[in-house]
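User: I'd like to learn how to read the features of a protein model, one at a time. Could you walk me through this one?

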Amino acid sequence: VETLYQANTNSFIQPELAEFSHILFRVAPGATEEEVDEVKQRAEKYRAVAGNEVEFEPLAAKYSEDEVTKDKGGYVGKVARTQLPPELGAVIFTAEPGEIAEVVRTPIGFHIVRVESREAPRQLTLDEVSHSISNRIAQQRGQEKLAAYLEELHEAADVEIVGPLPAGVQP
């Protein structure tokens, strides 16, 4: 495990993470410009309310249209930038922790975002990744054993091919 870790330290880097909450105002697929503007105005209205020292969680619980995070006060958790739509990542990874960012549009709608915290990229320690490395080694050994077993079966098999083979299939 340690040898694999030392040989591949670049593979064990945690990306920059952000922990955030949001209030989502959905835009229906195929919405007209008027409908999009209505949703944006509603988001802007509640962004102004959220920015006036009002508790964020009750606003999210009451107004967010994200059924997954609504009951958690809009709390999404920690995510890497690559896990987010680019528009949302750009806002979240530039806003300061504790800040309620400007309303941002993504393909699903408008978001009011509060950044809870951010973590810089860092090298993961051997202790943090040893379990996943052990699993990777076990999986690789299992695949090697399976391949060897299939090869044994193939060599022991007495197969007679009758008729032409489909294009691209080797005997």
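Predicted model: local features only at pLDDT ≥ 70, side-chain atom pairs only at ≥ 80, totals over all residues.

User: Is alanine 95 buried or exposed?

Analyst: The general idea is a cut-off: buried means under 20% relative accessible area. Alanine 95 has 5% relative accessibility, so it counts as buried.

User: Let's turn to charges. How many salt bridges does the structure hold?

Analyst: The idea is a distance test: a side-chain nitrogen of Lys or Arg has to lie within 4 Å of a carboxyl oxygen of Asp or Glu. The structure holds eight salt bridges. One of them joins glutamate 16 to arginine 118, with 3.7 Å between the closest N and O atoms. Glutamate 16 belongs to the loop between β1 (13-14) and β2, and arginine 118 to strand β5 (residues 109-119), so this pair ties together parts that are 102 residues apart in sequence.

User: How accessible are glutamate 16 and arginine 118?

Analyst: Glutamate 16 has 26% relative accessibility, so it counts as partly exposed. Arginine 118 is partly exposed too, with a relative accessible area of 28%.

User: Which residue forms a salt bridge with arginine 42?

Analyst: That is glutamate 65, and the closest N and O atoms of the two are 3.1 Å apart. Arginine 42 lies in helix α2 and glutamate 65 in the loop between α3 and β3, so the pair ties together parts 23 residues apart in sequence. Arginine 42 is partly exposed at 32% relative accessibility, and glutamate 65 is partly exposed with a relative accessible area of 25%.

User: And what do the side chains of lysine 78 and glutamate 119 meet in?

Analyst: They meet in a salt bridge, at 2.4 Å from N to O. This pair links distant parts of the chain, with lysine 78 in strand β3 and glutamate 119 in strand β5, 41 residues apart. Lysine 78 counts as partly exposed at 46% relative accessibility, and glutamate 119 is partly exposed with a relative accessible area of 25%. Salt bridges can also share partners, and here such bridges join Glu16, Arg81 and Arg118 into one network.

User: What about rings? How many aromatic pairs does the count come to?

Analyst: Two rings pair if their centres lie within 6.5 Å, and planes under 30 degrees apart count as stacked. By this rule the count comes to three aromatic pairs. Take phenylalanine 25 and tyrosine 46: their ring centres are 5.9 Å apart and their planes are at 10°, so the pair is stacked. Phenylalanine 25 lies in strand β2 (residues 17-26) and tyrosine 46 in helix α2, so the pair ties together parts that are 21 residues apart in sequence.

User: Are phenylalanine 25 and tyrosine 46 buried or exposed, and which residues do ring pairs link into a cluster?

Analyst: Phenylalanine 25 and tyrosine 46 are both buried. The cluster linked by ring pairs consists of Phe25, Tyr46 and Tyr63.

User: Which residues make the nonpolar surface patch?

Analyst: Leu146, Tyr149, Leu150 and Leu153 make it, and the patch covers about 400 Å². Leucine 153 is in helix α5 (residues 126-156) and is partly exposed, with a relative accessible area of 42%.

Notes. Residues numbered from 1 in each chain as written. Heavy atoms only, no water. Patch = residues over 30% accessible without salt bridge, like charges linked within 9 Å, V, L, I, M, F, W, Y side chains within 5 Å. Areas by Shrake-Rupley, 256 points an atom, 1.4 Å probe, with all protein chains shown as cover. Helix = DSSP H or I, 4+ residues; strand = E, 2+ residues; numbered from the N terminus. Buried < 20%, exposed > 50% of the residue type's maximum accessible area, 1.4 Å probe, protein only. Phe/Tyr/Trp six-rings, centres within 6.5 Å; stacked < 30°, edge-to-face > 60°.
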